[in-house]
Amino acid sequence: MSDASGLAISLFSELLTADQLLRARLTKVLPNRMEISHFSVLNHLARGGEKTPAQLARAFHVTRGAMTNTLSKLEIAGYVHIRPDWDDARRKLVSISPAGRSAREAALAAITPLIDEMLGDLGEDRVRAALPVLRELRLRLEE
């Protein structure tokens, strides 16, 4: 194995392990048995307005079926409104509800101390330095 291969394997191993550990910690602190996928969708809708389920599936790199499942759970919880698209009855549009905004705010309040602690431990300068590399890696993986 070349040094480059070993480096790549180490990078992906660290990324996958960090993802797994971060997800476990976030899951523990999210309120009302909220899942990370639920928070992510609520956060996306709070910042981006109404979206179709297909647009959300593309944004999160999941299947339409997986997104439909997540949206169904959010709708049952009262966190999103799903309505027909008045211009195209075959499509639906999803928006965050007032209860969804409250749930998102509660989730943000719950995860902020964890994120602040990690940022403090790592140091803002080191995190800023790592972001461009992580962003470029994500963009290359999206291609």
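Author: Tyr79 counts as buried, at 17% relative accessibility. This is a predicted model, and Tyr79 sits in the loop between H4 and E1.

Reader: Why does Tyr79 count as buried?

Author: A residue is buried when its relative accessible area is under 20%. Tyr79 therefore counts as buried, its relative accessibility being 17%.

Reader: Which residues is Tyr79 in contact with, leaving aside its neighbours within four places in sequence?

Author: Contact here means heavy atoms within 4.5 Å. With neighbours within four places in sequence set aside, the residues in contact with Tyr79 are Asn32, Met34, Leu42, Leu74, Ser95, Ile96, Ser97, Ala99, Gly100 and Ala103.

Reader: How far apart in space are Tyr79 and Gly123, C-alpha to C-alpha?

Author: Along the sequence, Tyr79 and Gly123 are 44 residues apart. In space, their C-alpha to C-alpha separation is 35 Å.

Reader: What pattern does the protein follow along the sequence?

Author: The protein has six helices and two strands. Its C-alpha atoms fill a box of roughly 55 × 35 × 25 Å along the principal axes. Read along the sequence, the order of elements is α-α-α-α-β-β-α-α.

Reader: How do E1 and E2 run, and how many bridges join them?

Author: E1 covers residues 80–85, and E2 covers 88–96. The two strands form a hairpin with two residues between them. E1 and E2 run antiparallel, and the number of bridges joining them is six.

Reader: Which residue in E2 does Pro84 stand opposite?

Author: The pairing of E1 with E2 is antiparallel. Within E2, the residue opposite Pro84 is Lys92.

Reader: Which residues of H3 are buried, and where on the helix do they fall?

Author: The buried residues of H3 are Ala54, Leu56 and Ala57. Seen down the axis of H3, these buried residues fall within an arc of 160°, so they line one face of the helix.

Reader: What covers the buried residues of H3?

Author: Ala54, Leu56 and Ala57 are the buried residues in question. The elements that cover them include H2, H4 and strand E2.

Reader: Is Ala57 buried or exposed?

Author: Ala57 is found in helix H3. Leaving aside neighbours within four places in sequence, Ala57 is in contact with Val62, Thr63, Arg64 and Met67. Its relative accessibility is 3%, so Ala57 counts as buried.

Reader: What separates the C-alpha atoms of Ala57 and Ile36?

Author: Ala57 and Ile36 are 21 residues apart along the chain. The separation of their C-alpha atoms is 15 Å.

Reader: What is the phi of His61, and is the residue buried or exposed?

Author: Most residues other than glycine have a negative phi. Phi of His61 is near 55°, a positive value. At 56% relative accessibility, His61 counts as exposed.

Reader: Where is Arg33 found, and what is its relative accessible area?

Author: Phi of Arg33 is near 55°, a positive value in a residue other than glycine. Arg33 is found in the loop between H1 and H2. Arg33 is exposed, and its relative accessible area is 81%.

Reader: What is the volume of the largest pocket, and which lining residues are the closest to its centre?

Author: The largest pocket has a volume of about 2,400 Å³. Its lining comprises 45 residues. Among these, the closest to the centre are Leu15, Asp19, Leu22, Leu131 and Leu134.

Reader: Which element gives the largest share of the lining of the largest pocket?

Author: The elements that give two or more residues to this lining are H1, H2, H3, H4, H5 and H6. The largest share is twelve residues, and it comes from H1.

Reader: How many nonpolar, polar and charged residues does the lining of the largest pocket have?

Author: The lining holds 45 residues in total. By class, it has 29 nonpolar, six polar and ten charged residues.

Reader: What percentage of the residues in the protein are buried?

Author: The protein has 143 residues. Among contacts between residues at least 6 apart in sequence, 52% join residues at least 24 apart. The buried share of the residues is 24%.

Methods. Residues are numbered from 1 along each chain as its sequence is written. This is a predicted model: local features need pLDDT of at least 70, side-chain atom pairs count only at pLDDT 80 or more; totals for chains, interfaces and linings use all residues. Side-chain values use heavy atoms; hydrogens and water are left out. On a 1 Å grid over the protein atoms alone, a cavity is a set of points where a 1.4 Å probe fits but cannot get out, and a pocket is an open set with protein on both sides within 12 Å along at least five of seven lines; lining residues have an atom within 4 Å of a point. Grid points are joined across faces, edges and corners, and a volume is the space filled by probe spheres set on the points. Helices (H or I, at least four residues) and strands (E, at least two) are DSSP runs, numbered from the N terminus. Ala, Val, Leu, Ile, Met, Phe, Trp, Tyr, Cys and Pro count as nonpolar, Asp, Glu, Lys and Arg as charged, and the others, Gly among them, as polar. Buried means under 20% relative accessible area, exposed over 50%, partly exposed in between (1.4 Å probe, protein chains only). The arc is that of the directions from the helix axis to the C-beta atoms. Two strands pair if DSSP finds at least two bridges between them.
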